[in-house]
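These are notes for a colleague who is opening this structure for the first time. Please keep the sequence and the 3D view at hand while reading.

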Amino acid sequence: MPSSNNLRKQPSRSLSKQDELLSIQTQYFVKLEDLKLTRKQKCLRFVYDTDTKKVMGRTPTSWSKIGLFYLIFYGMLAALVAICMWVFLQTLDPRIPKWQQDASVIGTNPGLGFRPMPKDNEESTLIWLQGTNKANYLNWFDNIMEFLDKYYTPGKIEKGNAYLKTCSYTEWPTETEVCEVDVKDWGDCSRDQFFNYYRSSPCIFLKLNKIYGWTPDYYDDPYDLPPDMPKHLQDHIRNITRLEERRNIWVSCEGENPADVEYLGPVQFYPPVQGFPGYYFPFRNSEGYLSPLVAVRFLRPVSGIVINIECRAWAKNIHYNRAERMGSVHFELLID
């Protein structure tokens, strides 16, 4: 027979088992008093429960533990990223690109760009000028000045340690010098004359895209010029007697088709050398460097007709392909 001691212990065991089941049930079933609470009261109790002293479902101890964990976790993650970035930046030079010329995405064939470009349509290359409409030509004037502002006010760009020098064909810059771009070289294509847009004789500015370390291979021999070079440019080169003054990247602008050539009329270049002087190259990304510009003035284009124009840069190591716009730039001109 069971002893009296064993009989006394059985009720206590059953009670403790009941308490345990009741405790488990209360974790998964809503208490009756919870049903009486409004939504606002439930939200307030979730924010801070006065009975359990929990804040948003956690006790202060629990919040401190999880906060310390995430602080250490994200702190170590941020430190790892910072170390990786520091190691990566040690391999880079802020001025000299790591991959240059053939090893770079840009390559060794500089492109040609023009200004002004239409702002209302980024894909358009049409310069639609209404010379008698002041608002229209002032809009083009402001467009150009936005690009030329740093040329007219060179103090706006950082000079760094580079020395600004007035270069010439006999005075080339050193590695610590940059050549000055004199706006007076643009002649009639000046801001004082509104770049002649009000006369329906507009000026277009050409620039050569910058490629670090690229050096042009000049067409400086008047008897070794490509056969597809325009005759007027060939004659211009042959009229330059001094060899050093033929060290330029030449520029030509013509109508793309025979009809465009007829409608375009005479063209004038500034500076008169008709190209980019060689002493601006190679580009070394020096502080204060400004790309040389060629101003092209179309003196008497026929009005009322869209004229297709192609400007091309000439050097032995500038490859030309009209279909892919290599070594050239295309735009249209419409004078109303």
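Is Ser 190 buried or exposed?

1. Ser 190 is buried, with a relative accessible area of 12%; buried means under 20%, exposed over 50%, and partly exposed in between, for a 1.4 Å probe and protein chains only. This is a predicted model, in which local features need pLDDT of at least 70 and side-chain atom pairs count only at pLDDT 80 or more, while totals for chains, interfaces and linings use all residues. Residues are numbered from 1 along each chain as its sequence is written, and side-chain values use heavy atoms, with hydrogens and water left out.

2. Ser 190 sits in the loop between strand E6 (177–179) and strand E7 (203–208). Helices (H or I, at least four residues) and strands (E, at least two) are DSSP runs, numbered from the N terminus. Neighbours within four places in sequence aside, Ser 190 is in contact (heavy atoms within 4.5 Å) with Tyr 152 and Phe 195.

3. Five strands form an open sheet with mixed pairing, in the order E4-E13-E12-E8-E10. Two strands pair if DSSP finds at least two bridges between them. At the edges are strand E4 (126–129) and strand E10 (275–277), each of which pairs on one side only. From one strand to the next the twist averages 20 degrees.

4. Strand E8 (residues 248–255) pairs with E10 in the antiparallel sense over three bridges, and Asn 248 stands opposite Pro 277 in E10. Helix H6 (residues 231–238) packs on the sheet and touches E8 and strand E12 (307–314). The direction of H6 makes about 150 degrees with that of E8; axes are lines fitted to C-alpha atoms, for helices over the stretch in contact, and angles run from 0 to 180 degrees between N-to-C directions.

5. E8 and E12 run antiparallel and are joined by six bridges, with Gly 255 opposite Ile 309 in E12. Why is E8 described as largely enclosed by the rest of the structure? Seven of its eight residues are buried.

6. The count of cavities of 30 Å³ or more comes to one. On a 1 Å grid over the protein atoms alone, a cavity is a set of points where a 1.4 Å probe fits but cannot get out; lining residues have an atom within 4 Å of a point. The largest cavity has a volume of about 60 Å³, the volume being the space filled by probe spheres set on the points, with grid points joined across faces, edges and corners. Its lining includes Leu 208, Trp 214, Phe 281 and Tyr 289.

Note on methods. On a 1 Å grid over the protein atoms alone, a cavity is a set of points where a 1.4 Å probe fits but cannot get out, and a pocket is an open set with protein on both sides within 12 Å along at least five of seven lines; lining residues have an atom within 4 Å of a point.
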